[in-house]
Amino acid sequence: MTGSEALLKTLEAHGVRHIFGHPGGAIMPVYDALYDSPIQHILVRHEQGGGHAAEGYARVTGGLGVCMATSGPGATNLVTALADAMLDSLPILAITGNVPSPLLGTDAFQEADITGITMPITKHNFLVRNADDVSKTVAKAIAIALEGRPGPVLVDIPKDVQQAQTNAPIEQPKTKPARLEPNQAVIEKAAALIQSAKQPVLMVGGGACDAAPQILEFAKKTGIPVITTLMGLGNFPASDPQWLGMPGMHGSVASNRAISQCDVLIGLGMRFDDRVTGKTSRFAKNAQIIHIDIDTAEHNKLIPAYIAVHADSAAALEALTKHVSKLETPDWWTKLEDWKARQPKRPTWGAAEAIKMISSQLSGADIVVADVGQHQMLTAQLHPFEQPRKWLNSGGAGTMGFCLPAAMGAAVAIGSHDGGDAKGVRVIGIAGDGSSQMTIQELATLRKYDIPVKFAVINNGYLGMVRQWQEMFHSRRYSEVYLEDSNPDFPILASAYRIPGFAADNAADLEKCIRQWLEVDGPAVLEVRVPQEANVFPMVPAGKGLDEMLDDDPKFLEARELAKV
Amino acid sequence: MKHIFSAFLRDEPRVLTRVTSLFARRGYNIDSLSVGATEERGISRMTFIAEAPEHMADQIQRQLEKLEDVLKVINHADEKFVDRELVLLKVRVSPETRLEIRMIAEDFRARNVDVGSKSYVFEVTGDEGKITAFIQQMRPFGIIETMRTGRVALSRGSNADIASQVYGGESTALEHPLSDVGVRA
């Protein structure tokens, strides 16, 4: 058996069914072995697309996503996706070929020190020096990617190691390590604090996406309101009256007010990102914070925890739920209900309305993938996420170009391209005219495998989020954000890839287009042309506290004030 | 505040780069760092000193312990420890200064390891205060060059459970202190 065969057999033994990759010189022995392997390879058009597809795959399944690239530029093209997976804690295995061992370090053709380059953006990485080590290294890499707080792991294999013969046994998957249970004394202390709270709030992040039943049970038993971060959307149903929305820079009025005034804040599987906290010195100033996380390095990193619980989210909540009872906090709920009613005023036609119209045609089981920008924040604000692992976006890294390939990975994961077990679950991508063009080449991959992603481009002719900041903080000096004069015609672009395309620039047309777009059997593109200068609100300006949030666009406030006079 | 740490590392390729790159990217200020083999094959030990407020010292420890090849990190601020540093110092000598230099060296118990007609090389071991004082005393004579190892530290007392904490209880070297260090049955 060659090193390449050992690699593929190990992946197979670990239940890997798909690899997103792109071949090249230094990975050809693996591609040769792939020819006889039951693993399906999805040929992407850029390695970054393969990386994001693996992320989408991992996020939807809760398991491993695998991507593969050749040496040098192939490997460096994976870098953005690895950094993205690191910040959003997604278990990715990246396999790269490298130049033959004797040439390592000689500036050989297509050589890049990818283990050096990816050191700060992977959980760990390996350079395999010997074919006998391939199987055990890959098995170890998979275990590292999945255990504890998940993350990306890269395995770099020089070409001669791929070709060399080995008799080393194929490693079988390790039994999953036991769930990390919390310390009982700490749980009892936390429970007592929660029980004494007058204005409590539970804030749930992406680390709690396997704890949705426990979150619901805890919330119902205690009556505590629940906030879900950008990465945590869907971990608590949006239809539940106890849900306050998303916190942070573009969070809901209710969430940000509740954080600013609460006396006990439970942070579950979340890491107090600066986009969530705003100015940290003003964050939850009156609160004692209970921080539950599986990664102790997150405790006290940015916000001091009054009680730090080092445990699996589900395990910690199960333990807490046993020790708490219903909290009677009617005054708190009066305030919360008042804040919940405060929604920003939005124009009757625009990006927000378009996203609402798309959203209204979807079910809670459908998967929604956003790119990065205004449309991302609007989707997070407006789509009612009911279930975990149904919302994909680039939260930590904010990677433009994430949407299309991640949606592709999600669709492959649920088997919607091969008549698998998709069970009517649809995958919807919502991107901007700027972000979509960063990975638009993956339309070819959708076509090749007939992956039925429904991809919407909300086109406002600008890099909208940057333009919004320029409008608010740079005196409307719109520096290098105008795209309208050079944007492609998206339906024509789609048809160039032999994918049906639709376009609408008003609500009545959009209504019709959405229906046709969703009915396409296979991939389809929908362009929605919307007014150019709309902004996303509420908003906490960078560097301000959550209590300094602007509930509404000053443009509207101004207009309202004028109307009064 | 200065914190002195010991870190136990697996002898894997680039482990030092992983550690120092983490220091650099998270902005930790490291005053000194020294690494060497331990009594256990495949495991190195690093002593390093960081200038950091309390909460950052805690972060340094936790972030380091997240690295796959870092087995354990001890912050010696939490316990009693001994630390030493070794310095090699080459000082200019002349017939007029020779005697005085030798007398100062004797006060510091510094060993003269290279006697030349125009220079001496001293080896001196001690804690940071002693080393600094020795260098100060030699400065007026003209220091040609110095090399310091950086501080190394060990916990005081038997702390016999360190093996189980670091090596998962597999160390034979520590269970049998007289056995041939590094050689396993």
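In this predicted model, A:Phe455 lies opposite A:Val525, a residue of β18(A). The two strands concerned, β16 (residues 454-459) and β18 (residues 524-529) of chain A, pair in the parallel sense over 6 bridges.

This pairing belongs to an open sheet of 6 strands in chain A, ordered β14-β13-β15-β16-β18-β17 and paired in parallel. The edges of the sheet are formed by β14 (391-392) and β17 (501-504) of chain A; each has a single partner strand, so one side of each is left without a neighbour in the sheet. Helix α17 (residues 403-413) of chain A packs on the sheet, where it touches β13 (367-370), β14, β15 (427-432) and β16 of chain A. The direction of α17 makes about 175° with that of β15(A).

A helix pair in chain A may be described next. Helix α15 packs against helix α16 at an angle of about 50°, and their axes are 10 Å apart.

| Helix | Residue range | Residues in the contact |
|---|---|---|
| α15(A) | residues 351-360 | A:Ala351, A:Ala352, A:Ile355, A:Lys356, A:Ser359 |
| α16(A) | residues 374-382 | A:Gln374, A:His375, A:Leu378, A:Thr379, A:Leu382 |

By class, the contact of α15(A) with α16(A) comprises 5 nonpolar, 4 polar and 1 charged residues.

Definitions and conventions:
Residues are numbered from 1 along each chain as its sequence is written. Chains are lettered from A and ligands numbered from 1 in the order in which they are written. This is a predicted model: local features need pLDDT of at least 70, side-chain atom pairs count only at pLDDT 80 or more; totals for chains, interfaces and linings use all residues. Two strands pair if DSSP finds at least two bridges between them. Helices (H or I, at least four residues) and strands (E, at least two) are DSSP runs, numbered from the N terminus. Two residues are in contact if their C-beta atoms, placed from the backbone, lie within 7 Å. Axes are lines fitted to C-alpha atoms, for helices over the stretch in contact, and angles run from 0 to 180 degrees between N-to-C directions. Ala, Val, Leu, Ile, Met, Phe, Trp, Tyr, Cys and Pro count as nonpolar, Asp, Glu, Lys and Arg as charged, and the others, Gly among them, as polar.
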